[in-house]
Amino acid sequence: MNVDYIVAMLMISFGLYCLLIKRNLIKMVIGLEILTFGIHLFLISMGYREGGIAPIVTGTNPASVVATLGVDPLPQALVLTSIVIDVCVTAMLLSLAIYAYKYHKTLDMSEIRRLKG
Amino acid sequence: MAGMTIIVKTASRLLFPFVLLFGIYIILHGHLTPGGGFPGGVVIVAAIVMLLLGYGADAAKAKFSPLQASVSENIGSLILVATGLLGLFLGFNFMKNAIPLGTTGNLYSSGILIPLNIGVGIKVAAGLAVILYAMLTAFEEEKK
Amino acid sequence: MIEAAPILAIIIPLMGSFLTPLISILTKRYKKERIRDLFVVAITIVTLLLVLYMLPTVWNGNIIVYRLGNWTPPWGICLAIDGLNILVALIVSGIAALVSIYSLMYMKNDTGLGKYYTLLLLILASMMGVTLTGDFFNMFVFFEIMSTAAYALVAFRRNWDSIEASIKYMVMGSLGASLFLLGISFIYNLVGSLNIADIAQKISIIGTNPMPLVLILILALLMTGLSIKIAMVPFHAWMPDAYQAAPSAVVALFAAGTTTVGVYMMLRVVYTLFGVAALGAMLIVLGSVTMVVGALMALVQRDLKRLLAYSGISQVGYILLGVGFGTALGIEGGLFHLLNNAIYKALLFMCAGAILYRVGTTNLDELGGLSKNMPITACLFTIGALAISGVPPFNGFASKWTIYIAGIQAGKAFFTLLAIIVSVLTLAYLLKAVNAIFLGQRPKRFENVKEAPMTMLFPMMLLAVLCIVLGVLPSLGIDIVTPAYNALVNQHGYIHAVLGGI
Amino acid sequence: MMRRVLAIGLVCAIGALLVFTVSNYLLPFGTFPQRRFENFEDNSVAQVYLENAPIAGAGGAGSANVVTSIVWDYRGYDTLGEATILFTAVCGVAMLFRAAKEED
């Protein structure tokens with residue numbers, strides 16, 4: 001059973017649901033985070049191997065052991081990059097949320113939405 | 001923000017150098033242990049946040065002013081690009097690890113990874129501080 | 001040093017953007033802000049020159065592969081430049097140079113110009129990065145830089161309209177980027193590589209006929225992510241708001257630059273990565289829906305910038321339609337339309353900006369009779385409007401005609417007819433706009449409106465001249481896009497050039 | 001209400017599709033070097049990183065931490081982009097909260 005993958009996919013679905021339904025800006029940010037972290041979980045867990053160790057050479061794990069037992073390091077590097085991207089988007093979105101609150105004293109988009117064509 | 005109680009103030013003053021040191025340790029050992037420029041920079045900015053919460057925004061700005069922050073962010077970015085261009089000047093391609101590699105496991109090892117980690121550490125710490133100060137101004141305006 | 005031109009074309013604007021805040025602080029201190037602005041213009045022009053330097057090599061049929069950090073491709077990141085990239089890079093850097101010249105006057109009265117120019121250079125650097133890279137995850141990273149800079153620039157004026165537009169854009173854009181990342185992670189799980197050529201080779205080993213469900217899912221995720229970026233119809237809601245709220249100079253760059261880059265990524269995914277021509281039917285349907293809905297929505301708009309935004313959505317439909325026909329003529333027509341679309345969209349948005357700069361509004365109900373005050377702008381706007389509607393002898397006619405002929409040859413007469421009808425609709429709403437702005441009764445308060453300044457007119461004139469030249473000499477345009485077509489269909493050549501003998 | 005039902009339906013469909021795909025088309029959790037189709041692990045990028053990165057010399061940077069080696073050496077250009085995105089966000093936030101009258 002791919003329990004890990006299934007959990008990651010469910011997280012992605014929950015994040016999507018949150019993003020579609022919620023109209024509060026902070027909740028939308030949370031939905032986006034859940035979605036992104038679902039993807040991160042998927043990326044990280046796809047690199048695991050049976051009995052795997054961290055891909056770091058130490059006194060107890062010399063280079064030869066890392067080569068045969070180390071987990072996939074590439075998704076970890078990708079997730080590092082992706083986390084920073086996520087932080088940046090969140091920072092921007094929260095700054096805009098501060099502005100939204102400044103203009104309308106509420107964070108609910110459905111309250112402040114105007115009709116446009 | 002005027003700051004918090006004496007307990008928070010004392011604790012944050014005592015912890016501040018250690019948190020800073022821990023951040024620098026994480027940055028410098030990025031190529032040996034888990035960590036690197038990004039986590040280290042975040043730990044350093046956590047020290048500034050601690051000061052800010054304990055003593056108020058003015059104390060934090062006195063230690064690390066917004067102008068200093070934005071200038072050091074640019075300097076951090078330029079360190080990254082300059083390290084990349086080093087490979088180009090030494091006759092290789094961009095981002096080539098062209099300086100001596102050292103021995104695996106030593107503090108000096110793996111060539112350009114060290115300057116890159118330092119550059120990104122400076123950049124992340126300064127950049128997050130800029131974001132922090134910028135968001136603070138919104139609340140300061142509201143108070144007036 | 002000059003053999004490093006591919007990376008310099010990305011690094012020079014990037015370094016320029018890192019330096020701009022420092023220069024901004026210095027020039028502020030000595031009250032010489034113009035130096036900073038000219039520095040930015042110089043950087044964009046140097047980027048354009050670097051692209052022009054690479055042009056002859058690529059047009060001779062070579063594929064430039066630049067290995068970052070001297071790593072051989074599947075293990076490191078490489079830049080791979082074939083005829084398709086260089087066309088997009090040419091469009092992007094050319095438009096960016098014109099936009100930066102245009103910004104000199106247009107943005108003069110705003111605050112925060114140091115930040116504005118930094119973001120402008122960042123968006124240029126990231127567009128070049130997306131265009132030139134040969135690595136899939138790297139493409140995602142630079143795509144995100146482009147999007148983040150775009151979110152910030154949409155909110156530049158900080159009034160509620162722009163904040164709301166930016167929130168909308170950001171939520172949709174981040175969702176699209178997440179789906180794109182999910183697609184990349186599925187690809188990595190399946191083939192264990194991130195290099196575009198390597199993935200393409202391995203996908204061709206898996207086989208795309210019939211396509212396994214997982215590959216269909218990946219393709220759907222990637223295409224959905226990209227359709228949000230280029231505002232294809234179910235996902236177009238952010239675009240009119242964003243284009244209305246952002247400064248016009250930036251909108252010209254978005255319409256001509258980021259949309260072009262988005263279409264480029266879509267072509268790269270469909271043709272190079274998956275190598276499937278069978279997707280044509282889907283592209284045709286999506287393209288025609290986009291085309292029709294965009295044109296119908298544009299008919300009812302009362303604001304010039306919103307109208308142009310919807311018209312931009314509609315024009316993207318033409319490109320997809322042309323490419324979707326799948327024949328040589330159709331793809332060439334689509335790519336030619338990509339080039340033309342960038343030219344006249346930038347021209348029209350710059351004209352809208354000139355009107356906004358001098359008059360202060362783009363509401364069609366308030367404007368009127370401006371042809372006496374702004375004769376040159378009126379003339380240039382009319383050229384752009386006629387070009388976009390496909391009236392001879394302008395460039396829009398050349399590319400649209402190619403698409404029609406390709407459609408008839410491919411036996412898709414219905415879609416061709418649809419395209420012609422949409423073209424007539426385009427002419428209708430743009431002539432309505434020309435009529436509302438430049439002809440008719442002139443309100444009293446507009447009597448002292450002056451012609452736009454020369455630094456704004458110069459880029460517009462250059463674009464208008466291009467419109468006419470490409471329209472009068474369509475064979476020139478076809479010559480420009482032929483290398484791109486050859487690169488697009490030559491999946492094997494791309495793989496071979498990047499991976500060598502592996 | 002209508003929107004909520006539609007959204008639940010859409011999310012359920014997408015979730016079911018994703019779960020179906022990962023449980024049928026991907027290899028189970030914990031089988032890292034193997035790939036689902038063909039023998040792609042033979043020239044898998046990741047295995048080469050694990051073997052070469054800790055050894056200073058032709059194949060790697062000699063960094064004890066393989067992840068850092070990938071982040072800055074094999075894919076250093078990516079991380080430059082990542083640093084740039086942080087720069088972009090900082091610039092964007094600073095732009096949003098710039099002073100109303102004079103610049104900093």
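Predicted model: local features only at pLDDT ≥ 70, side-chain atom pairs only at ≥ 80, totals over all residues.
Two residues are in contact if their C-beta atoms, placed from the backbone, lie within 7 Å.

**The core around Ala346(C)**

Ala346(C) belongs to the largest nonpolar core, which has 331 residues, and is listed there with Met92(A), Leu347(C) and Cys467(C) as one of the residues with the most contacts inside the core. Helix α6 of chain C, residues 160-191, gives this core its largest share, namely 19 residues. As a general background, nonpolar side chains tend to be buried together in soluble globular proteins.

Gly183(C) also has its place in helix α6 of chain C. Is Gly183(C) buried or exposed? With 24 other C-beta atoms within 10 Å, Gly183(C) is buried, because the cut-off for a buried residue is 20 or more such atoms. Leaving aside residues up to four places away in sequence, Gly183(C) touches Ile218(C), Leu221(C), Leu222(C) and Gly225(C). By contrast, the C-alpha atoms of Gly183(C) and Gln315(C) are separated by 27 Å, and these two residues lie 132 residues apart along the chain.

Two packed helices are described by the angle between their axes and the distance between the axes.

| Helix pair | Angle | Distance between axes |
|---|---|---|
| α3(C), residues 83-106, and α13(C), residues 328-359 | about 5° | 11 Å |
| α14(C), residues 375-388, and α16(C), residues 413-438 | about 170° | 9 Å |

The angle of about 5° is under 35 degrees, and α3(C) and α13(C) are therefore roughly parallel to each other. On the side of α3(C) the contact is made by Leu87(C), Ile91(C), Ile95(C), Leu98(C), Tyr102(C) and Tyr106(C), while α13(C) brings Leu335(C), Leu339(C), Ala342(C), Ala346(C), Met350(C), Gly353(C) and Tyr357(C). Twelve of the residues in this contact are nonpolar, one is polar and none is charged.

**Chains A and D**

Chain A has five helices and zero strands, and along its principal axes its C-alpha trace spans about 65 × 30 × 25 Å. The radius of gyration of chain A is 20 Å, well over the 13 Å that the globule rule gives for 117 residues, so chain A is more spread out than a compact globule. Buried residues make up 50% of the 117 residues in chain A. Of the contacts in chain A with a separation of 6 or more, 51% are accounted for by residues 24 or more positions apart.

Chain D has four helices and zero strands, and its C-alpha atoms fill a box of roughly 60 × 50 × 20 Å along the principal axes. Its radius of gyration is 23 Å, whereas a compact globule of 104 residues would have one near 13 Å. In chain D, 50% of the 104 residues are buried, and among contacts between residues at least 6 apart in sequence, 3% join residues at least 24 apart. The helix α3(D) is mostly covered, with nine of its nine residues buried, including Val66(D), Trp72(D) and Tyr74(D).

**Where chain A meets its neighbours**

In the contact between chain B and chain A, eight residues of chain B meet eight residues of chain A. The largest share of the chain B side, three residues, comes from helix α5 (residues 113-143) of chain B, and this side divides into five nonpolar, three polar and no charged residues.

Methods
Residues numbered from 1 in each chain as written. Chains lettered and ligands numbered in written order. Axes fitted to C-alpha atoms, helices over the stretch in contact; angles between N-to-C directions. Helix = DSSP H or I, 4+ residues; strand = E, 2+ residues; numbered from the N terminus. Parallel < 35°, antiparallel > 145°, perpendicular 65-115°, else oblique. Nonpolar A, V, L, I, M, F, W, Y, C, P; charged D, E, K, R; others polar. Core = buried A, V, L, I, M, F, W, Y, C linked by C-beta atoms within 7 Å. Buried ≥ 20, exposed ≤ 12 C-beta atoms within 10 Å, placed from the backbone. Rg over C-alpha atoms; globule rule 2.2 N^0.38 Å.
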